[in-house]
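Visitor: I'm new to this one. Can you walk me through the pockets, the cavities and the salt bridges?
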Amino acid sequence: MSIINIYTNGTSVSEETKKIVVEKFEKSGFTVRKDYSPDSQLLVCIGGDGAFLQAVHTYDFPSIPIVGINTGHLGFFQEVSPDDPVELDAFIRDYQAGKYRLQRLSTVQATVTTHTGRREVLRGLNEIVIKGSPSYSVHLNISIGDSPIEKFSGDGILVATSAGSTAYNYSLGGSIVDPRIRLLQVTPIAPMNTTAYRAFTSSILLPSDLSLGVVPENGKSNYIFLLNDGIEHAYAQVREIKIEFSDTIINLLRFESYDFWDKVKTKFL
């Protein structure tokens, strides 16, 4: 028995698409469950890239393959368009025939340690963002591996995976990276670069075996905000933050016609 789970962003168009997809899967002999279960063979995410990220976090970075049906805007993670019923039929037929491959997407994690001894690990598929309190600049002592690099001053920094390079990172002026390259990209957010403050103004690319260390300086506000894929967490009296690759992998289902750079051209040019 092949079990399919379906996640939607709850919009009317996504819910209508879900009804069609469920009917087509069941006619093809699949069992569609409302609730996620570890014994499922496939997670179908209906929505845009935001819905895809929501599904990943809702189901705690599932190991089963995920395929996206795009009812959103950009749809960079999404593989299937619901506008053409023939394409939906072809999607199910190709899946049954095994005419697909899995794109393994690396994830990033941040380990936050406070002066009170609190320790928490956050994971992201796209990125980890470190910011100070709203309306205040943040001052971060940054090291790569064991080497101190700079005292960053500005709105914050973003650490993106290759998969996340086309998201918030790109809007900040970061580089687009082919997801087959396993690296982390550190991109500044509104860095100060004056006689008083000096900071990198372009992205830094790190290999997979190096980690990024961040020690915030205490200022007018003792709060530091971390966002993993847009999910905000506030921490008081942060002692240090370590950002590195996570062992978690997301398996994104891609069909034979998929080409990363063709999608970049289609979505951005």
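What follows is a short chat about pockets, cavities and salt bridges.

Visitor: What kind of model is this?
Guide: It is a predicted model.

Visitor: OK, pockets. What volume does the largest pocket have?
Guide: The largest pocket has about 450 Å³.

Visitor: Which residues lie nearest its centre?
Guide: Glu79, Val80, Glu87, Ser257 and Lys263 do. They belong to a lining of 20 residues.

Visitor: And which elements give two or more residues to that lining?
Guide: Helix H3 (85-96) and helix H5 (260-268).

Visitor: What about the second largest pocket? What's its volume?
Guide: About 230 Å³. It is lined by 17 residues, and closest to its centre are Gly48, Asp49, Gly50, Leu74 and Gly75. That lining has nine polar, seven nonpolar and one charged residues.

Visitor: Switching to cavities. How many are there of 30 Å³ or more?
Guide: Four cavities. The largest cavity holds about 90 Å³ of space.

Visitor: What lines the largest cavity?
Guide: It has 14 lining residues. Phe76, Phe77, Ala163, Pro179 and Phe260 lie nearest the centre. Strand S5 (100-114) and strand S15 (238-255) each give two or more residues.

Visitor: And by class?
Guide: Nine of the lining residues are nonpolar, four are polar and one is charged.

Visitor: Now salt bridges. How many does the structure hold?
Guide: Eleven. One of them joins the side chains of glutamate 79 and arginine 254, at 2.8 Å from N to O.

Visitor: Where do those two sit in the chain?
Guide: In distant parts, 175 residues apart. Glutamate 79 is in the loop between strand S4 (66-70) and H3, while arginine 254 is in strand S15.

Visitor: Are they buried or exposed?
Guide: Glutamate 79 and arginine 254 are both buried. Glutamate 79 also turns up by the centre of the largest pocket, as Glu79.

Visitor: What about arginine 180 and aspartate 178?
Guide: Their side chains meet in a salt bridge too, at 2.6 Å from N to O.

Visitor: Why does arginine 180 count as exposed?
Guide: Because its relative accessibility is 71%, and exposed means over 50%. Aspartate 178 is at 9%, so it is buried, with the cut-off at under 20%.

Visitor: Which helix holds aspartate 262 and lysine 265?
Guide: Helix H5, where they lie three residues apart, about one turn of the helix. Aspartate 262 is partly exposed at 39% relative accessibility. Lysine 265 is partly exposed at 49%.

How values were computed
Residues are numbered from 1 along each chain as its sequence is written. This is a predicted model: local features need pLDDT of at least 70, side-chain atom pairs count only at pLDDT 80 or more; totals for chains, interfaces and linings use all residues. Side-chain values use heavy atoms; hydrogens and water are left out. On a 1 Å grid over the protein atoms alone, a cavity is a set of points where a 1.4 Å probe fits but cannot get out, and a pocket is an open set with protein on both sides within 12 Å along at least five of seven lines; lining residues have an atom within 4 Å of a point. Grid points are joined across faces, edges and corners, and a volume is the space filled by probe spheres set on the points. Helices (H or I, at least four residues) and strands (E, at least two) are DSSP runs, numbered from the N terminus. Ala, Val, Leu, Ile, Met, Phe, Trp, Tyr, Cys and Pro count as nonpolar, Asp, Glu, Lys and Arg as charged, and the others, Gly among them, as polar. A salt bridge is a side-chain nitrogen of Lys or Arg within 4 Å of a carboxyl oxygen of Asp or Glu. Buried means under 20% relative accessible area, exposed over 50%, partly exposed in between (1.4 Å probe, protein chains only).
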